[in-house]
Amino acid sequence: MQIKHLFLLALLGAFNILNAQELPELEHVRLQSKNYFDICKQLDAYFATEYQAEEDACWDDEQVKYLRWKWFWRDRVQADGSFPDMKAQWQAYRQHKTVASRALQSAWVHEGPMQNTGGGYWGMGRTKHVAFHPSNPNIYYVGTPDGGIWKTADGGNTYQSLGEDLPYLPVGVILIDQLHPDTLYISLGDKIGWWNSNLGVYKSTDGGQHWFPTGLDWSLDQNRVLYNMIMSPADPQTILAATNGGIRRTTDGGVNWTVTLAGEFTDVQYKPGDPNTVYAAKYDYWGQSEVFRSKDGGQSWTQISNFGLQYNTIRIAVTQANPNIVGLMFSEGKKLYVSTDSGDSFEFKSEMPENFVFAFSQVDPQTIYACNTVVNRSTDGGLTWEQMTNWYNDGVHDEVHADFHHIAFNPHKPSELFFCNDGGLYSYNEPDSIWQDHSNGMGIAQFYRIAVSETGSLRILAGSQDNGGWMKRPNGTWGHTNGGDAMTQAIDPTNNGIGFTEYYSGTQIYRTTNGFLSSITINDNIPGAPTGDWVTPFIMNPKNPKTMLFAFDDVYITYDRGNHFSAISDNLTNS
């Protein structure tokens, strides 16, 4: 039975982990090649010689994001460094499913985890977007960067995965046809930056059971990114997409797309209640990032700003509480500008405390939310700000997981906001200030490595991105071993209470002898403070598990489970 568990989790590790790892937001570093090895050579040199982390940057900085991306793709690119043809693999898989005998296929069961063990600091996995059914308030869809698309029909109590028929797991944006709710559109790829290659827009006409590409059909080596996508409130056949290849527009439900405004665009938004007025944010790192407006539904555009600011990404927010308001969030200087006349003029309001995503309240135009690691709020139109949440329990703020990617409003209850972050999906109810975690039931944890016990009751160790080390206990429940990014795992084959887990790059290696009721770190026992790979590997001798090998920039051996180490190589990796 445990062998079946091993194969199940190994397959999950191969296919359901970090399928679209994000490269850091290096606006000024344009990739000089489409080849993985060339990209790594260029960015390795950049981080070694040019990169300077911001003083107030959190640990999850640009270099960390690059290391995630580098590790993920290195075993998935072709031998020559080219990226795989995901669509061709998808078509081959579909053909195989058609001809394969169902009787010969094994029945698979999700092993977990599916239930959060505490919320806040501990999360289920990363989410990117949420979209709501137009008439049924219990139905909404959640897009994830590594776990496909999920549907709930009971307000978030349970979820169903709809991503098994997709060629690529990252789902960045979800749109629902307001007249025919079984018709869905998704952008297949992350939406964070130009380094996240996108496969375009896929469509389903049966509520997400089956998917097919629309006319916006890309391959990974085209380096296309779709930052945002919106549907006309008057005609669901009309969709606008902000991409690094211009504003794309379709009027026939995705069959044909035209470029109505050339350039790279990081956001596009309709004016509430007006399908003819659209705002778009152009991105030009070395030049000027400006805002454009269309008054004919996105067919033609006029530049309405002249900020003249370099090195800047702009995001746009609007509110049905006052359709004439347009908010702009700048990456450069964290500036907030607000227009009260539909973009005819903009007024500087403040420097925001955080500036990755932001949104206006849909019931009070003076209330604005801005977040990255934590959620901040202004109740005076952006002049002053207060912190609302914290990513761990500080005894002062509500504990909500870190790293936010999207803010949405429930159309059936406009005072209810939904936040997508690296821990899952949260809602916030403005009238009573109550936060709620809606992540349970989505199998979206991104695992790097797993270990399975070979003796005694089943125990599983699994290292996940952003949500720490997980452990399945012999009683069937899941708990945590360590926080942050957890990587390589190991369980003693002769004693399932003895195990090891680690923090990224081997900076902290944890050992337990009691099934992680408690643990200690053993890094101080390693001479010379060596540095490790993003996923630093270690392994037990199966005949004598007290003996272990740890591979940093040199290889180290221990004969007593980490109490003492000695190097068995000398400058093996040439620094």
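1. Basis. The model is predicted, so local features need pLDDT of at least 70 and side-chain atom pairs count only at pLDDT 80 or more, while totals for chains, interfaces and linings use all residues. Residues are numbered from 1 along each chain as its sequence is written, and side-chain values use heavy atoms, with hydrogens and water left out.

2. The sheet. Four strands form an open, antiparallel sheet in the order S31-S32-S33-S34. Strands are DSSP runs of E with at least two residues, helices runs of H or I with at least four, each numbered from the N terminus; two strands pair if DSSP finds at least two bridges between them. S31 (447-452) and S34 (478-482) are the edge strands: each has a single partner, so one side of each lacks a neighbour in the sheet. Five bridges join S31 to S32 (residues 460-464), and Phe447 stands opposite Ser464 in S32.

3. Gly484. This residue belongs to the loop between S34 and S35 (490-491). Gly484 is buried, at 11% relative accessibility (buried means under 20% relative accessible area, exposed over 50%, partly exposed in between; 1.4 Å probe, protein chains only). Beyond its neighbours within four places in sequence, its contacts include Tyr121, Ser464 and Tyr503 (heavy atoms within 4.5 Å).

4. Lys128. Located in the loop between H4 (86-99) and S1 (129-132), Lys128 is buried at a relative accessible area of 1%. Its side chain makes a polar contact of 3.2 Å with the side chain of Asp190. Such a contact is a pair of N or O atoms within 3.5 Å; within protein, one must be able to donate a hydrogen and the other to accept it, and residues adjacent in sequence count only if both atoms are side-chain atoms.

5. Aromatic pairs. Rings of Phe, Tyr and Trp (its six-membered ring) pair if their centres lie within 6.5 Å; planes under 30 degrees apart are stacked, over 60 edge-to-face, the rest tilted. The count comes to 41 aromatic pairs. Tyr121 and Trp391 form a tilted pair, 5.9 Å centre to centre with 35 degrees between the planes. Tyr121 lies in the loop between H4 and S1 and Trp391 in that between S25 (389-390) and S26 (398-399), so the pair ties together parts 270 residues apart in sequence. Tyr121 is partly exposed at 26%, as is Trp391 at 32%.

6. A buried pair. The ring centres of Tyr369 and Tyr428 are 6.3 Å apart and the planes stand at 70 degrees, so this pair is edge-to-face. Tyr369 is buried at 1%, and Tyr428 is buried at 2%.
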